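Here is a short report for someone meeting this structure for the first time. Please look over the sequence and the model before reading on.

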Amino acid sequence: MSPRPEEEKMRMEVVNRIESVIKELWPSADVQIFGSFKTGLYLPTSDIDLVVFGKWENLPLWTLEEALRKHKVADEDSVKVLDKATVPIIKLTDSFTEVKVDISFNVQNGVRAADLIKDFTKKYPVLPYLVLVLKQFLLQRDLNEVFTGGIGSYSLFLMAVSFLQLHPREDACIPNTNYGVLLIEFFELYGRHFNYLKTGIRIKDGGSYVAKDEVQKNMLDGYRPSMLYIEDPLQPGNDVGRSSYGAMQVKQAFDYAYVVLSHAVSPIAKYYPNNETESILGRIIRVTDEVATYRDWISKQWGLQNRPEPSCNGNGVTLIVDTQQLDKCNNNLSEENEALGKCRSKTSESISKHSSNSSSGPVSSSSATQSSSSDVHGSTRLFRSSSKGFQGTTQTSHGSLMTNKQHQGKSNNQYYHGKKRKHKRDAPLSDLCR
């Protein structure tokens, strides 16, 4: 799910289109990017956050909304002005790429937070990997949006920072640490051991925990620390997690992931029936058909011809590994079977070359699992029709094998229509939606 260069290029085109409209209205205005796109920690379907700085007596929300409609930058029905929100914003969906954009005015905190995130990422090289996986984990369970009680990106990042700051492992800060171990221990901390009722998180001065009773003494009468109290390192007195009223649901999801992953790496895991067909991470995270198709479309539209995989973003983050290497990491191949595994690898590679024309649907090399079993509620998207040049099928990527059984009933010329999100739960994956 790590960002690719062509995805960054596409998003910059969206930003430039919107900025041109803003500059036409107010030539002296300053448009800045913040949030996950600024830090490089965005998923393929993440929003773009923009802030406009200028001098106005009243925020010109409706003026910009009218201009965006006039220039047809956004889908007609997608432009919304939330002028009663704590931070008034304009929400829209780009008419060509289907990327969602939030535009605010004269808000400094977002830009400062992006700089803070970049500083911590330099200090803790594991953070981009940890955060991207956790964001996808929450996304597919509908626990990633603050307005529905979930944990937002900034809160999640600060939880990960606190985990690394106070982690007893000496190798938590070095580049070659075991990311899988850290992920399991993150789930263990926030799914089992962290006391949400009595304890808050503080990032400043090297990190510490703070008693909520002490926090309340300094708060105004009638106010109490939230269930997930995270002290804002940039704004004293601000509780970053105050809107995450579903924090206990997130805790349960983390606990579930800890149990699943702990079992997957236990000594008896080699005897599990699905041990050789499913990766360890694939037990809690799935990448959908629609996301893989969307990424393939982006690669065709904005990528270099015949660009070699794997790709890597500006932060040097890549989550793509060789399948044989993945088997070894997962202990899927015992020592006596390694030679057999190499033969299988060569055989499947040969088969994939002959079957690539007969299998339909895209295979994303960044997907942790095969696509037909990966529909999870909350992370699917459908995109517009062929009039935009977006065809729903592509050749299979090198080294991947898709069987016709996985795509029965799908034609090679299937197109993805519509602007609505597709919500689908597969019965065998109900455990992922806990």
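## Overall picture

This is a predicted model. The protein has 434 residues, and 51% of them count as buried. Its secondary structure consists of 12 helices and seven strands.

The exposed surface comes to about 21700 Å². Carbon and sulfur atoms supply 51% of that area. Take the contacts between residues at least 6 apart in sequence: 71% of them join residues at least 24 apart.

The largest nonpolar core holds 53 residues. Inside it, M159, F186, F187, Y190 and F254 have the most contacts. Five elements are listed as giving two or more residues to this core: α4 (109-123), α5 (127-139), α6 (153-165), α7 (179-193) and α9 (247-264). Of these, α9 gives the most, with 10 residues.

A second core is separate and has 33 residues. Among its members are V21, V31, L64 and I90.

## Helix α7

The buried residues of α7 are L182, L183, I184, F186, F187, L189, Y190 and G191. They pack against α5, α6, β6, β7 and α9. F187 belongs to the group with the most contacts in the largest core. Leaving out residues up to four places away in sequence, F187 touches L134, F137, R192, F254, A257, Y258, L261 and I284. F254, one of these partners, is also in that group.

Strands β6 (residues 199-202) and β7 (residues 208-211) run antiparallel. How many bridges join them? There are four. I201 has Y209 as its bridge partner, and R202 stands opposite S208.

Five residues lie between the two strands. In this hairpin, D205 takes a positive phi, near 55 degrees. Both strands are also among the elements that the buried residues of α7 pack against.

V31 sits in strand β1 (residues 30-34). Is V31 buried or exposed? Its relative accessibility is 12%, so V31 counts as buried, because buried means under 20%. V31 is also a member of the second core.

Neighbours within four places in sequence aside, V31 is in contact with E19, I22, V51 and V52. The C-alpha atoms of V31 and I18 are separated by 9.4 Å. Those two residues are 13 apart along the chain.

## E7, a buried residue in α1

E7 lies in helix α1 (residues 5-25). With a relative accessibility of 2%, E7 counts as buried. A polar atom of its side chain lies 3.0 Å from the backbone nitrogen of R4.

Which residues does E7 touch beyond its neighbours within four places in sequence? The contacts are S2, Y42, P44, R295 and I298.

Terms used:
Residues numbered from 1 in each chain as written. Predicted model: local features only at pLDDT ≥ 70, side-chain atom pairs only at ≥ 80, totals over all residues. Heavy atoms only, no water. Pairing = 2+ DSSP bridges. Buried < 20%, exposed > 50% of the residue type's maximum accessible area, 1.4 Å probe, protein only. Contact = heavy atoms within 4.5 Å. Core = buried A, V, L, I, M, F, W, Y, C linked by side-chain atoms within 4.5 Å. Polar contact = N/O pair within 3.5 Å; in protein donor to acceptor, adjacent residues only side chain to side chain. Areas by Shrake-Rupley, 256 points an atom, 1.4 Å probe, with all protein chains shown as cover.
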